[in-house]
Amino acid sequence: MEKVAIFVDVQNVYYTVREACGRNFDYNKFWAEATAGREVVKAFAYAIDRGDQKQREFQNILRAIGFEVKLKPFIQRSDGSAKGDWDVGITLDAIEYAEQADVIVLVSGDGDFDLLVNKIREVHGKKVEVYGVPQFTAASLMRAASEYNPIDGFLLLS
């Protein structure tokens, strides 16, 4: 059975899906599609923790699906801007689990991950499937992926 490791950039997916479709990503449908006929080695969902109840409920839903939720505190800068991305954490975890999996699934449209995807394919010889909102997924990331899967109607909550 093919082994899969899954890495979801929750903030990226939330904002790009909301902007493009005005709806939410269906994590249950995604899980069913990404894991069908596969053994899950590890599945991470990376999120920013603002500490509110609705967010905690969402994180518990992700855990119930099968994700390990990794949280980073929300940081408000003095100039009013915010910081909170998981690019380095996702990269380190994906490289760590690349040896154990046959397929790496990355859910993000962030073009910074094209280097990671290329490295996993070239150095580790693994298949990398990328899921992202087409109009907000970097062309370089789509090109780097072994397979690109658009987040569209099927993967959205009604």
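The largest pocket holds about 670 Å³ of space. This is a predicted model, in which local features need pLDDT of at least 70 and side-chain atom pairs count only at pLDDT 80 or more, while totals for chains, interfaces and linings use all residues. Residues are numbered from 1 along each chain as its sequence is written, and side-chain values use heavy atoms, with hydrogens and water left out.

Trainee: Which element gives the largest share of the lining of the largest pocket?

Mentor: A pocket is an open set of points on a 1 Å grid over the protein atoms alone, with protein on both sides within 12 Å along at least five of seven lines, and its lining residues have an atom within 4 Å of a point. The lining here has 22 residues, of which Val10, Tyr14, Asn24, Lys54 and Phe58 lie nearest the centre. Two or more residues come from each of H1, H2, S2 and H3, these elements being DSSP runs numbered from the N terminus (helices H or I, at least four residues; strands E, at least two). The largest share, seven residues, comes from H3.

Trainee: How many nonpolar residues are in the lining of the largest cavity?

Mentor: A cavity is a set of grid points where a 1.4 Å probe fits but cannot get out, and the largest one has about 40 Å³ of space. Helix H4 (87–98), strand S6 (103–107) and helix H5 (114–124) each supply at least two lining residues. Counting Ala, Val, Leu, Ile, Met, Phe, Trp, Tyr, Cys and Pro as nonpolar, Asp, Glu, Lys and Arg as charged, and the others, Gly among them, as polar, the lining has no polar residues, no charged residues, and its nonpolar residues number nine.

Trainee: Which residue in S3 stands opposite phenylalanine 44?

Mentor: Two strands pair if DSSP finds at least two bridges between them, and S2 pairs with strand S3 (residues 68–73) in the parallel sense over six bridges. The residue opposite phenylalanine 44 is glutamate 68.

Definitions and conventions: Points joined across faces, edges and corners; volume = space filled by probe spheres on them.
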